[in-house]
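Hi,

Here is the structure I promised to send over. Have a look at it first, and then read on for what turned up.

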Amino acid sequence: MTRLTGSALRVTIFIGEQDTWHHRPLSTEIVHRAREAGLAGASVFRGVEGFGASSLIHTARLLSLSEDLPLAIVIVDAEERIRAFLPQLDELVTEGLVILDDCEVIRYVGREKGR
């Protein structure tokens with residue numbers, strides 16, 4: 001199990017839910033690559049409304065035809081591990097936004113095996 005406390009780096013990737021990588025959802029590809037890289041964890045959050053560089057608003061409102069809602073993928077780990085993962089994001093994210101933030105991990109605890 002990965003141990004993580006103290007200073008860390010958070011990478012947040014903003015993409016659309018329709019974005020793909022070789023016919024697979026891009027968010028899924030990023031999460032699976034993060035796991036393969038041994039990063040501490042990754043979570044995908046679905047937005048209800050937003051816009052990006054194209055200024056096109058995507059929304060989940062009933063009258064909207066948009067099916068390409070915004071996604072945010074958040075990964076937190078030690079700085080050197082996050083920075084080592086950035087070349088993969090550079091390869092995968094052709095449209096979107098990738099940001100880095102310094103953060104402090106207060107508590108990171110996984111489930112016990114068998115629970």
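At what angle do helix 1 and helix 2 pack, and how far apart are their axes? Bear in mind that this is a predicted model. The angle is about 160°, and the axes are 11 Å apart. Since angles over 145 degrees count as roughly antiparallel, helix 1 is therefore roughly antiparallel to helix 2. The crossing of helix 1 past helix 2 is right-handed. On the helix 1 side, the contact is made by Leu26, Glu29, Ile30, Arg33 and Ala34; helix 2 brings Phe85, Gln88, Leu89, Glu91 and Leu92. By type, the residues of this contact are 6 nonpolar, 1 polar and 3 charged.

Next, the core. The largest nonpolar core holds 17 residues, and Ile13, Ile15, Ile30 and Ile75 have the most contacts inside it. At least two of the core residues come from each of strand 1 (6-16), helix 1 (26-36), strand 7 (70-77) and helix 2 (79-92). If you click on Ile15, look for Leu26, Ser27, Leu69, Pro70, Leu71, Ile73, Val93 and Glu95, which it touches once residues up to four places away in sequence are set aside.

One more residue to look at is Phe51, in the loop between strand 5 (49-50) and strand 6 (58-59). Is Phe51 buried or exposed? Phe51 counts as exposed, because its relative accessibility is 58% and the cut-off for exposed is over 50%. Neighbours within four places in sequence aside, Phe51 is in contact with Leu56 and Ile57.

Cheers

Key:
Residues numbered from 1 in each chain as written. Predicted model: local features only at pLDDT ≥ 70, side-chain atom pairs only at ≥ 80, totals over all residues. Heavy atoms only, no water. Core = buried A, V, L, I, M, F, W, Y, C linked by side-chain atoms within 4.5 Å. Buried < 20%, exposed > 50% of the residue type's maximum accessible area, 1.4 Å probe, protein only. Helix = DSSP H or I, 4+ residues; strand = E, 2+ residues; numbered from the N terminus. Contact = heavy atoms within 4.5 Å. Axes fitted to C-alpha atoms, helices over the stretch in contact; angles between N-to-C directions. Parallel < 35°, antiparallel > 145°, perpendicular 65-115°, else oblique. Left-handed = near helix turned anticlockwise from the far one by under 90°. Nonpolar A, V, L, I, M, F, W, Y, C, P; charged D, E, K, R; others polar.
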